[in-house]
Amino acid sequence: MSIYGPYEETLNEILLDVEDRIKQLNRRELDKHQPKLYEHLIGRVKTPSSMEEKCQRKNYPLTTESALRRCRDAVGIRIVCNFISDIDRCLDVLRNAEWCSVVKEKDYITKSKPNGYRSYHLILDVVENYRDIGGNNPGHFFVEIQLRTIAMDSWASLEHEIKYKHHVKNPERIGRELKRCADQLASCDIQMETIRQLIRED
Amino acid sequence: MRILLAEDEEQLARVLKMAMEQNNYQVDAVDNGQKAVELSQKNAYDVIILDIMMPVKNGIEALKEIRARGDRTYVMMLTAMAEEDDRVNGLDSGADDYLTKPFSLKELLARLRSLERRATQYNGDDLKFADLHLDSNEQVLESDNSISLSREETRMLEYFILNAGKELTAEDLLNHVWNASDEEADTEEVWINIAYLRQKLQSIQSDVKILGEKGGPYILKG
């Protein structure tokens, strides 16, 4: 059995349920004649092997408890938005959703990581009709949400590609260029947001 | 700095070349206007010093040819004291400065130093204001976070910082940020760029604010 023990199938169900709930939040916005909340979303359950790797890296015992409780990103959903203000709208509706509570927020948009990474991370505590590791039913499950713009998402793809390429010539220079690129993309995001606001004021 | 000197009085040319070289400038000296045109086409100079009265091609003709080629190198003319027309003609033909003969070597060297300061220290320097750090060369603005700026945003913020706390009209900003040849620029564009800068200041968590309504005047507050 994997590090997820008997919960592996449950995690897949949780992922689908939470994705559906977010899609529903989006439909509600459209019904109110508001623009869509996001461009697209993608979700995944972390593979058991990368979860084991993470537990080892963090010096956690290789137990299902570590995988589901100490690590809180077994289930992850990335919400990719068109504009920065859409991220704020997503945050608003998630904070007010009755099916979850936000247990942690990390804002890497107003305070980007030194390499230029920008994204807004949330950990949700979701209550679902499945038995959790504490024996509760309905049980509590953690879901990590990453919110970012399309530009931030493209940047993260590039950074990911470089991070996993083993022989990068002159990594310092590439690092500087990546950082510069991140600042330029942030500049474009703000320019688009400002233009959008100027149009609305007219 | 690399300097091209065109002067046909042999003795004067030799003294000037030697004095400038002693001050660590790299100097090429020629004795007529035609050679100045040819050499300036071949080499990249920081300053061109042109005497007006020269054989083959005089200084004004040489200057006109150099400018007609699109060369924007800083040009200093050497003119005779009496000839006001030469000075006016020279400046109108594209010269940046002139010295009237006889001139002191000290003054020429001081002008070269002043030019160097303008080119290196006052330009593209890092500016600090309150919690902001503006790197004009990289066009990057930093506080808690960092973000890129466009050319216009960089120049506008530079002007704001150098005149912090003063009221600046939309016209002031238009004249200092956009080139006179840019016919599309207007006060509406000033306003849009103020809006960009405001959002960018906010995005990097700076306390610095640009105050003022659409139409101006605007004021930068730390």
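**Figure 1. Helix α5 of chain A in the predicted model.** Helix α5 of chain A covers residues 150-163, 14 residues in total, and reaches 20 Å from its first C-alpha to its last, close to the 20 Å expected at 1.5 Å a residue. The model shown here and in the other views is predicted. Five residues of α5(A) are buried: A:Ala151, A:Met152, A:Asp153, A:Trp155 and A:Glu159. The cover over the buried residues of α5(A) includes β2, β5 and α6 (171-201) of chain A.

**Figure 2. Chain A as a whole.** Chain A has six helices and five strands. Read from the N terminus, its elements follow the order α-β-α-α-β-α-β-β-β-α-α. The C-alpha trace of chain A spans about 55 × 50 × 20 Å along its principal axes. Of the 202 residues in chain A, 28% are buried. Among contacts in chain A with a separation of 6 or more, 66% link residues 24 or more positions apart.

**Figure 3. The largest nonpolar core.** This core holds 31 residues. The members that touch the most others are A:Tyr38, A:Ile79, A:Cys81, A:Cys90, A:Val143, A:Ile145 and A:Leu147. Elements of chain A that give two or more residues to the core are α1 (8-31), α3 (64-70), β2 (75-81), α4 (84-96), β4 (120-128) and β5 (139-149). β5(A) gives the most, with five residues. Leaving out residues up to four places away in sequence, A:Cys90 touches A:Leu37, A:Tyr38, A:Ile79, A:Cys81 and A:Leu147. In soluble globular proteins, nonpolar side chains tend to be buried together.

**Figure 4. A second core, with residues from both chains.** A separate core of 29 residues includes A:Ile190 from chain A. From chain B, this second core includes B:Trp178, B:Ile204 and B:Tyr218.

**Figure 5. The contact between chains A and B.** Chain B brings 14 residues to the contact, and chain A brings 12 residues. On the side of chain B that touches chain A, β9 (146-148) and α8 (187-203) of chain B each supply at least two residues. The largest share of that side, six residues, comes from α8(B). By class, the side of chain B that touches chain A has six nonpolar, six polar and two charged residues. The predictor gives the complex an ipTM of 0.79 and a pTM of 0.76.

**Figure 6. Helix α8 of chain B.** The 17 residues of α8(B) should span 24 Å at 1.5 Å a residue, and the end C-alpha atoms of the helix are 24 Å apart, which agrees. The buried residues of α8(B) are B:Val190, B:Asn193, B:Ile194, B:Ala195, B:Tyr196, B:Leu197, B:Lys200, B:Leu201 and B:Ser203. These buried residues pack against α6 of chain A. Within chain B, they pack against β8 (140-142), β9, α6 (151-162), α7 (170-177) and β10. Just after α8(B), B:Gln205 takes a positive phi of about 65°.

**Figure 7. Domains and confidence in chain B.** The domain assignment of chain B gives domain 1 (2-120) and domain 2 (126-221). Taken over C-alpha atoms, the centres of domain 1 of chain B and domain 2 of chain B are 37 Å apart. Chain B has a mean pLDDT of 91, with 97% of its residues at 70 or more. In chain B, helix α4 (residues 84-92) has the lowest confidence, at a mean of 88. Strand β10 (residues 209-211) of chain B has the highest, at 97.

**Figure 8. Two cis peptide bonds in chain B.** B:Lys101 and B:Pro102 are joined by a cis peptide bond, with omega about -5°. B:Pro102 lies in the loop between β5 (97-101) and α5 (105-120) of chain B. The peptide bond from B:Gly216 to B:Pro217 is also cis, with omega near -5°. B:Pro217 sits in the loop between β10 and β11 (219-221) of chain B.

Figure 9. A:His33 has a phi near 60°, a positive value in a residue other than glycine. The loop between α1 and β1 (40-45) of chain A holds A:His33. A:His33 counts as exposed because it has 6 C-beta neighbours inside 10 Å. B:Asn24 has a positive phi near 70° and is likewise a residue other than glycine. B:Asn24 lies in the loop between α1 (10-22) and β2 (26-30) of chain B. With 7 C-beta neighbours inside 10 Å, B:Asn24 counts as exposed.

**Figure 10. A:Arg70 and A:Arg200.** A:Arg70 is part of helix α3 of chain A. A:Arg70 counts as partly exposed because it has 14 C-beta neighbours inside 10 Å. A:Arg70 and A:Arg200 are 130 residues apart along the chain, and 45 Å separate their C-alpha atoms.

Conventions: Residues are numbered from 1 along each chain as its sequence is written. Chains are lettered from A and ligands numbered from 1 in the order in which they are written. This is a predicted model: local features need pLDDT of at least 70, side-chain atom pairs count only at pLDDT 80 or more; totals for chains, interfaces and linings use all residues. Two residues are in contact if their C-beta atoms, placed from the backbone, lie within 7 Å. Helices (H or I, at least four residues) and strands (E, at least two) are DSSP runs, numbered from the N terminus. Ala, Val, Leu, Ile, Met, Phe, Trp, Tyr, Cys and Pro count as nonpolar, Asp, Glu, Lys and Arg as charged, and the others, Gly among them, as polar. A nonpolar core is a set of buried Ala, Val, Leu, Ile, Met, Phe, Trp, Tyr and Cys residues joined through C-beta atoms within 7 Å. A residue is buried if 20 or more other C-beta atoms lie within 10 Å of its own, exposed if 12 or fewer, and partly exposed in between; C-beta atoms are placed from the backbone. The expected span of a helix is 1.5 Å times one less than its number of residues. pLDDT is the predictor's confidence in each residue, from 0 to 100. Domain bounds come from an automatic or database domain assignment.
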